[in-house]
Structure formats: C-alpha cells, structure tokens
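Please read it alongside the sequence and the coordinates.

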Amino acid sequence: MAALIRSLVEHWFWVILEDRLVVRVALAATGEELVISHDTVEDVVRECVGETTLAGQQLLRKLRFGREVHQFDPSATISFSCCPAGSAPKWDSADGRFPSPEAVTAARQSYQEGHLLAFDVPVRVRRIDGTGDEIASFEVYLKRTNDGTQAVETFLRDGLTISGQHYLREPGVLAIIKAGDNALGNLLGDAENPAHTRWERGGKHFRGRYEHGPSILSYVQRSAQHLCALLARRPEGVDKDLLQHLFSVPEPGRAISTGPKPKLGPIIPPLVPPVKPTNYFIECSKLYGGFHLRPHPKAVRPPAAIQLRAAYEVVRGNPFRLHHPADFDFTKRTGLDLEFSGLTIAEATPNRLILNVDGPDFELTAKGFDPHRDLIVDVRPLHDTSEDDTEPDISVESEELSQ
C-alpha cells in the first residue's frame, strides 16, 4: 500500500494540489476508502508512507513546495527574452536575457536569502515538416534552503510528473520545471519514453522531427541547474580576500627564518601500474521487439558461458528483481521466439538464462517482447558457470533497448 500511495502522489501531486484530481483507494482488508485530495494528501503520506522515512520526507517537501508555488504571485515572475532566432537555445550568457542588469542583481540577492523565484523562459519550437512554428514558454520555480538535504527537482508536463530524470545537485535547493499544453509540451510529449519517466532524444516520435530538437530538450532539462549556478555566482567587483589563502605578507615584527633551506633530494616519480587492456566478449544490439547477441568484433576468445537477464523498465527499483513471469517467461517461452546457434541452455528462470558457449561463432536472436515497453538486457560473460551471481547490481554491461 505504501508503494502505491507513494507512486500516486509522486506522479500526480500537482493536479491533486490544483484540486483537479481526487484519488479513491479501496482498502480490501477493512473495506474502507482512502481519499487522496487537495485537503488530505499530506495526511495520507504521513499515515501510509511515513514522515520519518526518507521517501516520506521527500514527498512532504515536494508537497510543501508545490503549495508555495501555487500561491506565488504571477506578477513577480521574471520573464526571459527569447534566444536569437535561428539558433539553438543555450544557457550561455543567460544573465543577458534578464529584463535588466538590476533584475539579475535582485534575483541573486533574493535567491541567496531563500526567497522563491519564478522564471518564464520562452523557446522557439519549429517542426521540420513545416506544420508548426511557435514561441512557447516553460516555467522554472527555484528556492534555496539551508537544510543541506538532497535537492528536490520535479519536471512536469501538463500536470504529469516525469520522475526518472534529475540533474540538480545543489544541496537544499527545491525546483519545479513546468511545461504546459503548448507546442513545447507537445515536443516534450513526443520525447517521452513509454513509461513516462524520461525525455529522450532517440525516440521515434522525436528524432528528426524538430529543428534544434535535442538542444531544446537539454535547454529544459538543465534549466534549474544553470539558473542555480547563475544565481549563486558572486557579483562582479574586487574581492580583496579572494586569494588570501594563497598569497600573504608576513605581519610586521614577525621573525623570519634565515637559516639554510633544507636540500631537496631527487624527485622519484611514483610507479604507475600498467593499464590492463579491456576484454571484449559479447556484442548486444537491439531489434524491434527484441535483441541480438553475437561475439564482439574485438573478442580474442569466447567466454565459457553467458549469463543473460532481461526485464522491462520500472519507475523505481531493480527491474530484474521486480520482473513478473506474466511479462515474459524464458522457461515457457510462450510468445517468445529464441533462435540460437553455438549455444545451449544450461539453466533458465523466468527472466534469466545461463547459456553454455559451444563455439566461437555463437549467435542468439530473441524476439516477441512488447515493443511499446523499454526492455533492459544485462549480458555478462562467465568463464566458469560456478562464478554466476544470481543478483548482481545493474552494471555498465546492461543495455536499455528502447523499442
């Protein structure tokens, strides 16, 4: 129940605070109904998630900040000017797009004093096929606190939280980046992955459809990060104490040693161990509704065996541990099409295979997975099947195969 409540609030807290959504959850154990609304959402989080847990504390901080943003006076919003026509939007020299130099100074002071700031940031959105050319805006809300806790950065598209991306690392900062129902919102929607957790450049509905599309995406994703750096920057001028820890003059009357300086012996460079060359074994590439394995072009020898795990991406947690056989099952292979040569199956679980390698020219083609979900495949060479680790962490050898 706690995980369900947490997911509901995290993804839909904005429209709940706007009083546009009321969620009713039936409790099977007691027959009671739990109501998550504008008036009850914090109490539900405290009761079901817990205000002493890290997840509960982060949710409550997000809700408090969301209420503060809802009460913010729109007339105090700082409106940026648009980037030059025909060029990709960038955060370079962003202070030049403030209404005035005085506005930059005032914003820095307000930010450092812990006041809430709001920015309206315009960007030109132009479709390559000529069906759309519009200047649309997104909003950035920032507040700096001194509590030193983990930054809370929330991306919203038309009220939905895009929960799987975080770029802000400044401790204690709260940020909401909000895009509405306009041309920019449509662009971000085209960039969303099927799980609605990230905006991605490589999606088939996004790639090649917008002029400067990847730059616009990065411009929105990195907005809070760049604005925090801009507002935290020291004002221009002479700082007489800036380098005092590097350059100093002895105080008058202080004794200065005139003795002989110690002799320095020969400098012996440290021993640097030789770099171990990278071993290549397996190449994994994506197919529509599946993936393909074969020896890596740089492989010098095949592994004795291969461990293969697969799972669909989840919003939170380890996707391999959260796999359900209803998604797919390697032991039954119902709906899956596995074609392989030079390999034999030594062991199978619903989402994991141990494959013995019978020759150097092995090959595996797997199809039948849901093309509308993000498939993650983790492939590892095993030189001895007894070395298998049933639950290793997701490593760099994992590959997300977005369909």
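In this predicted model, the structure holds 21 salt bridges.

**Salt bridge R67–E42**
- R67 and E42 form a salt bridge, with their closest N and O atoms 2.6 Å apart.
- R67 belongs to helix α3 (residues 54-70) and E42 to helix α2 (residues 41-48), so this pair ties together parts that are 25 residues apart in sequence.
- R67 has a relative accessibility of 22% and therefore counts as partly exposed.
- E42 counts as buried because its relative accessibility is 12%, and the limit for buried is under 20%.

**Salt bridge D147–R61**
- A salt bridge also joins D147 to R61, and here the closest N and O atoms are 3.8 Å apart.
- D147 sits in the loop between β5 (133-144) and β6 (152-157), while R61 is in helix α3, so the pair links parts that are 86 residues apart in sequence.
- D147 is partly exposed, its relative accessible area being 44%.
- R61, at 10% relative accessibility, counts as buried.

- The loop between β4 (117-126) and β5 holds R127, and helix α5 (residues 183-191) holds D190, so the bridge ties together parts that are 63 residues apart in sequence.
- R127 counts as partly exposed at 23% relative accessibility, and D190 counts as partly exposed at 23%.
- One network of salt bridges with shared partners is made up of R124, R126, D133 and E211.

**Helix α3**
- The 17 residues of α3 should span 24 Å at 1.5 Å a residue, and the end C-alpha atoms of the helix are 24 Å apart, so the two values agree.
- The buried residues of α3 are G56, Q58, L59, L60, R61, K62, L63, F65, G66 and V69.
- The cover over these buried residues includes α1 (2-17), α2, β5, β6 and β8 (173-179).
- R61, one of the buried residues of α3, is the salt-bridge partner of D147.
- α2, which is among the elements covering the buried residues of α3, also contains E42, the residue paired with R67 of α3.

**Open sheet**
- Four strands form an open sheet in the order β9-β10-β15-β12, and their pairing is antiparallel.
- β9 (282-287) and β12 (337-341) are the edge strands, each of which pairs on one side only.
- From one strand to the next, the twist averages 10 degrees.
- The antiparallel pairing of β9 with strand β10 (residues 290-295) runs over 6 bridges.
- F291 in β10 is the bridge partner of K286.

**Model confidence**
- The mean pLDDT of the protein chain is 84, and 86% of the residues score at least 70.
- The pLDDT is below 50 over residues 385-399.
- This stretch has 35 contacts in the model beyond near neighbours in sequence.

Definitions and conventions
Residues numbered from 1 in each chain as written. Predicted model: local features only at pLDDT ≥ 70, side-chain atom pairs only at ≥ 80, totals over all residues. Heavy atoms only, no water. Salt bridge = Lys/Arg side-chain N within 4 Å of Asp/Glu carboxyl O. Helix = DSSP H or I, 4+ residues; strand = E, 2+ residues; numbered from the N terminus. Buried < 20%, exposed > 50% of the residue type's maximum accessible area, 1.4 Å probe, protein only. pLDDT = per-residue confidence, 0-100. Contact = heavy atoms within 4.5 Å. Pairing = 2+ DSSP bridges. Axes fitted to C-alpha atoms, helices over the stretch in contact; angles between N-to-C directions. Expected span 1.5 Å × (residues − 1).
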